[in-house]
Amino acid sequence: MHPQGLVISDLHLLAKRSVGESLFAAIAPQVERCEALILNGDTFDFRWSTLRNESASIAAAIRWLEQLLQSMDGRDLHFIQGNHDCIRAFCERLEPLRDKWPNLHIHQYHLRLGRRIFLHGDCANRNMDLPELQKARESWANDKPRGGISATLYDAADLTGMSRAFHRAYFPRRITVARIAHHLDTAIPGWREKTGDCYFGHTHMPFRDHRHGGIRFHNSGSGIRGMGFHPIAFPLDKEEA
């Protein structure tokens, strides 16, 4: 059987609005079969965590990753940072985890596997080059947990469908893909010649095989309640497995 990779995004674990834990458990057979798992950003959501403080949230995230790494039994786990899980205190804890688990690979902005490129997709908020994304991420790196009224309003938006309507309006597929391509044009010169498929998340609006400039773009959705969760399997070349 040809070795396969699996990409998922935006589990938003720790947040009340996430059903990512149960969705991830449901795809356990796929995870067990894949030779490489790509967590394509916002795996954890430290801003909207339900735990008592940032330290407790980081400890829970590290435990979740360690349990996953143990179950991967040496197969590759690629952790691509998103805006919700790039906080500085958590990233500092990832370094010793990478030393302990050689099959853990941390990527700040993107990952390339053969002719496939993976990135979280927060560069699609508008047309952003790499310095603009770095500036935005610097702000997120210092982000602090929020709760109370803000969290309640966010939950209400999800339950009433307002979140989905907002994402659909703010991230129309054609414009979103064009923004992703614009970012990659400025961040990775020559990427188009080496790329057949591009995978991203962030917008919570799943789709597959949208062609733009001769490249297929795919969005793997999210684990937010009421949105679409859309893990995507892809073949791995022998040297990538």
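Residues are numbered from 1 along each chain as its sequence is written. In this predicted model, local features need pLDDT of at least 70, side-chain atom pairs count only at pLDDT 80 or more, and totals for chains, interfaces and linings use all residues, while side-chain values use heavy atoms, with hydrogens and water left out.

**Exercise 1. Find which residues of the largest nonpolar core touch the most other members.**

Step 1. A nonpolar core is a set of buried Ala, Val, Leu, Ile, Met, Phe, Trp, Tyr and Cys residues joined through side-chain atoms within 4.5 Å. Buried means under 20% relative accessible area, using a 1.4 Å probe and protein chains only.

Step 2. Search the 32 residues of this core: L37, F44, L65 and F90 touch the most other members.

Step 3. Assign elements, which are DSSP runs numbered from the N terminus (helices: H or I, at least four residues; strands: E, at least two). β1 (4-8), β2 (36-40), α3 (54-72), β3 (76-80), α4 (88-100) and β4 (104-107) each supply at least two core residues. The largest share, 9 residues, comes from α3.

Step 4. Look beyond this core. A second, separate core of 18 residues includes Y109, M128, L184 and W191.

**Exercise 2. List what F44 touches.**

Step 1. Count heavy atoms within 4.5 Å as contact. Skip residues up to four places away in sequence.

Step 2. Read off the partners: H12, L13, L14, A61, W64, L65, F79, H84, D85 and F90.

**Exercise 3. Describe β3: which way do its residues point, and are they buried or exposed?**

Step 1. Check cover. In β3, 5 of 5 residues are buried.

Step 2. Sort the directions. D76, H78 and I80 point one way, L77 and F79 the other. In a regular strand the side chains alternate between the two faces of the sheet.

Step 3. Find a neighbour. β2 and β3 run parallel, joined by 5 bridges; strands pair if DSSP finds at least two bridges between them. A36 stands opposite D76.

**Exercise 4. Work out what lines the second largest pocket.**

Step 1. Define it. On a 1 Å grid over the protein atoms alone, a pocket is an open set of points where a 1.4 Å probe fits, with protein on both sides within 12 Å along at least five of seven lines; lining residues have an atom within 4 Å of a point.

Step 2. Name the lining: E21, F24, A28, V31, E32, W64, Q67, L68, S71 and R75.

Step 3. Trace the sources. α1 (20-26), α2 (28-33) and α3 each supply at least two residues. α3 gives the most, with 4.

Note on methods
Buried < 20%, exposed > 50% of the residue type's maximum accessible area, 1.4 Å probe, protein only.
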